[in-house]
Amino acid sequence: MSVRQSLLAILDRGVCYGSQLRAEYERRTGASVNVGQVYTTLERLERDGLVEGAGVDDEARVLWRPTAAGRIEARTWLTTASLAEGRDDVALKIALAVTLPGADVDAVLSAQRSAVRSALGVLDDEVDDADAVPAAIVRAARRAKLEADLRWLDEVERLTALAEPFALSDERPRRGRPARSTV
């Protein structure tokens, strides 16, 4: 989840100072964020014209509010679906291991499966708090993804049984870094 967009969405509900934004983010998502990241994000949002200073409170804390453009961006983000597309480092690591002679693909899969099961165990150990519906939503999503990861690893194990390692290609790209001079 984008911390940047989340902070904008919270500010769309009212003026806040940095530490207050951090607390609201954690209260609403159940996820932690470094207070330094909050202030850096606020500076970038201000640079991009999405937030502006709204004075200071009675304890001299700088208050922030979204600009009109910031409100539009926050509301657009909330109503736009997002699919996790992009680089999947685990899938890439396993795909690479399958092609490398001598790589222990079973050990790679076993380590990944163990990590997923461990993460599921941590989720199961967390206590549900009746006032923590947002945190429960995040935990439920995490649990569903981890369970899907275990099913995916089962499928990968079936697929890797068909894979054969292979050597480097004889085909060489036309471009490359020139050799360094040793003089």
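1. Glutamate 157 and arginine 113 pair in a salt bridge, 3.4 Å from N to O. Glutamate 157 sits in helix H7 and arginine 113 in helix H6, so the pair ties together parts that are 44 residues apart in sequence. Glutamate 157 is partly exposed at 38% relative accessible area, while arginine 113 is buried at 10%. A salt bridge here is a side-chain nitrogen of Lys or Arg within 4 Å of a carboxyl oxygen of Asp or Glu. Buried means under 20% relative accessible area, exposed over 50%, and partly exposed in between (1.4 Å probe, protein chains only). Helices (H or I, at least four residues) and strands (E, at least two) are DSSP runs, numbered from the N terminus.

2. On the basis of the note: this is a predicted model, where local features need pLDDT of at least 70 and side-chain atom pairs count only at pLDDT 80 or more, while totals for chains, interfaces and linings use all residues. Residues are numbered from 1 along each chain as its sequence is written, and side-chain values use heavy atoms, with hydrogens and water left out.

3. The structure holds 15 salt bridges. One of them joins aspartate 12 to arginine 75, with the closest N and O atoms 2.7 Å apart. Aspartate 12 lies in the loop between helix H1 (3–11) and strand S1 (16–17), and arginine 75 in helix H4 (residues 68–79), so this pair ties together parts that are 63 residues apart in sequence. Aspartate 12 is buried at 8% relative accessibility. Arginine 75 is partly exposed at 46%.

4. Arginine 61 and aspartate 57 also meet in a salt bridge, 2.7 Å from N to O. Arginine 61 is partly exposed at 28%; aspartate 57 is buried at 17%. Elsewhere, a network of salt bridges links Arg4, Arg47, Asp48 and Glu73.

5. Now helix H5 (residues 89–99). Its buried residues are Ile94, Ala97, Val98 and Thr99. Helix H6 (105–125) and helix H7 (133–160) are among what covers them.

6. The axes of H5 and H7 come within 11 Å and cross at roughly 15°. Axes are lines fitted to C-alpha atoms, for helices over the stretch in contact, and angles run from 0 to 180 degrees between N-to-C directions. H5 and H7 are therefore roughly parallel, a term for angles under 35 degrees.

7. Which residues make the contact of H5 and H7? Val90, Ala91, Ile94 and Val98 of H5 meet Trp152, Leu153, Val156 and Thr160 of H7 (contact: heavy atoms within 4.5 Å). By class, seven are nonpolar, one is polar and none is charged.

How values were computed
Angles under 35 degrees count as roughly parallel, over 145 as roughly antiparallel, 65 to 115 as roughly perpendicular and the rest as oblique. Ala, Val, Leu, Ile, Met, Phe, Trp, Tyr, Cys and Pro count as nonpolar, Asp, Glu, Lys and Arg as charged, and the others, Gly among them, as polar.
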